[in-house]
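Student: I have just opened this one and would like to go through it slowly. Could you take me through a few places in it?

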Amino acid sequence: MGGLPKKKFERGSATNYITRNRARKKLMLSLPDFRRLCILKGIYPHEPKHKKKVNKGSTAPRTFYLLKDIRFLLHEPIVSKFREYKIFVRKLKRAYGKTEWSDVERLKDNKPTYKLDHIVKERYPTFIDALRDIDDALCMCFLFSTFARTGKCHVQTIQLCRRLTVEWMNYVVASRALRKVSSFVTWIQYDFHPTDVDYRVMATFTELYTTLLGFVNFRLYHSLNLVYPPKLDSKAESELKEEHEDDYAMNSESYLEKLSALSSSLARVVSTDEEEEAKLDEFPAEGEDMEQMEAIEKEQKQLETQKKLFEGLKFFLNREVPRESLAFTIRCFGGRVSWDKSVCIGSTYDMTDETITHQIVDRPNVDKQYINRDYIQPQWVYDCVNAKILLPVEDYFLGVTLPPHLSPFVEEKEGDYVPPEKLKIMALQRGEKPGADEEDEEDEDEEEEEDNDDDEEEAEEENLKQMEEQRSQGKSLQVKVTPGKVKADNPARLKEEEMAEEKRLAIMMMKKKEKYLYDKIMFGKKRKIREANKLAAKRKAHDDAEKGKKKKARK
Amino acid sequence: MAAARRLKRVAASQPGFLTLKPSSEPADLVGSRRKRVNKNKKKNWNKFSDIADVEEFLEDVRHQERTTGGLLSEKSDDTLFFVDLGQSEKPEQKAEEPDEGKKRKGKASRPLRIDLILQHDSHIPPPKDVLAYQQPNAKKLRRIAQKAEQLAARGVVPRRQKRLLNRRPIDRTVNKAVTEANNNPDRGYYNLWGQESKDSADPWYLQQTGKKLVKRPEKLNEKPSVLPAVEVIAPGGSYNPDFFSHQVLLQEAHNVEVKKKKQEDRLEKQLAVNKEDRATEETALREVVEGLIEEEDDEVGAPNSKEDDEAAVAAIAVTEKKTERQRKKEKAEKIKEQQRLSSRRQNAQQQQLFQLRSIKTSIKQQEQKTKKKQVQRKAQQEAQKAQPRRLGKLKFQTPDLDIQLSDELAGSLRQLKPEGSILKDRFKSLQKRNLIEPRERAK
């Protein structure tokens, strides 16, 4: 009997959540500090399933955090640093107001700072965990490194981001880890800053990510046996010595700028003269895994060849092409690259060098032409990387309409529409040569084919008409039974037919329900195929129209 | 000094000497009857000799020295008197101009008259302030300083000085706060994942002293959204796209715009007013005039109201009491009704045996329905996971697709005009993945 009456909102989900303001008061922090703390520790607001219960009957939109998360936050040592910083700001303001400059100096010298190392260790206990989040970190660091150093964000952060991104790019170059490249419409802009973005939030994320990226870089460099912080190879450094180094950057920054040029190799801890090819471990062949092993070996060999795609080639970048991304891509595949001296520090050879094999230009025409080098547009580099082979250079000459830049991240499944350019590339990869195409030959071939087809059709039709006439006239057809010829059985065809037969039998034996499902699936597949055919037909029509136009223009 | 004093006394005792102060009555000069005293004893020299006149004179002399700087009688005529010559004539002035120039210079070199007047010219210097020269412990300090000098001459360095010299000089050039900050561009990194945890001490000790770090709850390691951090743009977004992929992307953008337009149209429709409902002059006039014209309306209204009254009266007819017969009838009817219903129920139950098949089918149908609904609900839940959650006051606004129209497509990288901004894209991605709540700039 008796007992206390049950009150609403005292147990269950209502007690598991806490509103943002309550949480803030519990931690005794201001709102921006609270936000910063949550971002650093990785604590995010949750949307409860039953909002009315949690919100004690009202449906007002509020931000909720889990109570256990906030209790966990209370143990964080940075919280006290935030409070100290608040007091520091107050004292500094007072000293400024009273114009006590010695106090200002003293306070600034002892400004409270904090480090995020323990937070990174806590959030990413192993190296693999850190690598999972690395793409977000890279995005942010690259973004911040492009900001102008005006003072809206801390200049130190921008410098640190630049250093980390340069280190990362050097690592990728040294390890030849680049696989796919794509260039999209959203290019990096250097001078346009939208105003409705909260910079403090982005800066907090960047703070955490710079710490993470720094540690990851350290680990990656050591896994490759390179010195960290990165130093240029002593050989390469002597090559890079120039007279007017002051023209490019301040002394403190000139080393970073040389590194960021990506044109020379990095120093190693234990110097090796040549890179030894890593041999694949050979596991004892087990029956079932043989195929897998072979497939893996094949892949490995392909990778090895792909890594040396541009080896032996010497590139020169003209002034108007995007230098950093092209230099990065070329270097990642073993090529050598240089540019004009006035563009950036770190150019190893000049435009007048005779051994240059390719020059990347983006203008309609070039003044001086050297004979033994190809003048191509920058898309060639990207397309070669994506196709994993060296594409023919003729499609990318100056002034030529470029073939479309296909995205390497799209994987077409069977039945989907595959653009003809991709088919061409796949053919090239397999080693077949696409028929030596000059447009006249193509036209002629097509015309001949069309004529042939027409003739054949007409002949057949005539035959049939004759036979019908004869039948109608009641005459017996002059068809004789001749001894049959033995057709040579093609074993591959036989096998195919057998499989088709089996399939048909299986379909017949299915239950009604299963058949119904099967029909549905096939309908869906066939629809895809039909659509692909439609698109192909459209493309053909488009091409024909273009050819027609060209013919008219010629006439 | 004593000689000077004696001279002054002698001068004062001359009968013709005039003092500054007017002397007292001349009666004093005449000798009066005095008592005869023995002035030979030393005791009586001070007691009975009258030195008032001398004292007076001396006082006067001192006064002169104090105020005017010396005896007036000894001063020259120039200092006391000057001859007033009146205004000098002009030609003399002109003749004196070159001289005056020199005089002016001389005057400039000479101090001003007012300064001269204000100088204190008494012969008596102002008294020294003894306290200003007094230093407590002066002797002691002097002695200590001397000793220290001697020691230094010998080369012995006292302990305190030794410690001061040993103290390292403070590095004032580098700011400590800057080097320790988290975003210092030259900060060093170490192998974070390679070190073993410090298991040196007892875990209880570590916990009690607050040195042990609290374990992070497992739930926090789950990502708040299944979306990937970096989403690859569709192939139509390439700077030199394939025709069909570009068309596909354009189609998507078109759909988004169509939806927006539909919403706007719907809003407009809801707000639209029928043209016929609008007030014309006629209707406005009728409204204003309503109720004022009374002639026809009354006659039409009156007969109607009478009829209504009668009907109302009929409805309030008096209900008579029920008779017993009626009650019995009602009971019997009730019982019959109940019996009928129960027999029907029994019959239905018995017949259910023959309806088994249809019952089975209906059950199966219901089960299928519930299963279908379950599957649908699960699919919806999965779809919801990919959606951004509602985490605050503002709803998440999907960003516009970054595409360029067919005529904006550039043929080469150089002519490419970039679309959108990566900063905004990153910000929206953070919101989409439920890491922060959607925020807008405060207006």
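Student: Where in chain B does L112(B) lie?

Tutor: L112(B) sits in the loop between helix 5 (90-109) and helix 6 (113-118) of chain B, where helices are DSSP runs of H or I with at least four residues, strands are runs of E with at least two, and both are numbered from the N terminus. Keep in mind that this is a predicted model, in which local features need pLDDT of at least 70 and side-chain atom pairs count only at pLDDT 80 or more, while totals for chains, interfaces and linings use all residues. Residues are numbered from 1 along each chain as its sequence is written, chains are lettered from A and ligands numbered from 1 in the order in which they are written, and side-chain values use heavy atoms, with hydrogens and water left out.

Student: Is L112(B) buried or exposed?

Tutor: L112(B) counts as exposed because its relative accessibility is 56%; the cut-offs are under 20% relative accessible area for buried, over 50% for exposed, and partly exposed in between, with a 1.4 Å probe and protein chains only.

Student: Moving on, where does N183(B) lie, and which residues is it in contact with?

Tutor: N183(B) is found in the loop between helix 10 (176-180) and helix 11 (203-208) of chain B. Leaving aside its neighbours within four places in sequence, N183(B) is in contact (heavy atoms within 4.5 Å) with H154(A), Q156(A), T157(A) and L160(A).

Student: Is N183(B) buried or exposed?

Tutor: With a relative accessible area of 13%, N183(B) is buried.

Student: And what about T305(A), where is that?

Tutor: T305(A) belongs to helix 15 (residues 289-307) of chain A, and it counts as exposed because its relative accessibility is 57%. The C-alpha atoms of T305(A) and I389(A) are separated by 9.2 Å, although the two residues are 84 residues apart along the chain.

Student: New topic: how many disulfides are there over all chains?

Tutor: A search of the whole structure, taking a disulfide as a pair of cysteine sulfur atoms within 2.5 Å, finds zero. For C153(A), the nearest cysteine sulfur is that of C161(A), 9.5 Å away.

Student: Is C153(A) buried or exposed, and what about C332(A)?

Tutor: C153(A) counts as buried at 12% relative accessibility, and C332(A) counts as buried at 0%.

Student: Last one: how many helices and strands are there in chain B?

Tutor: Chain B has 17 helices and zero strands, and buried residues make up 14% of its 443 residues.
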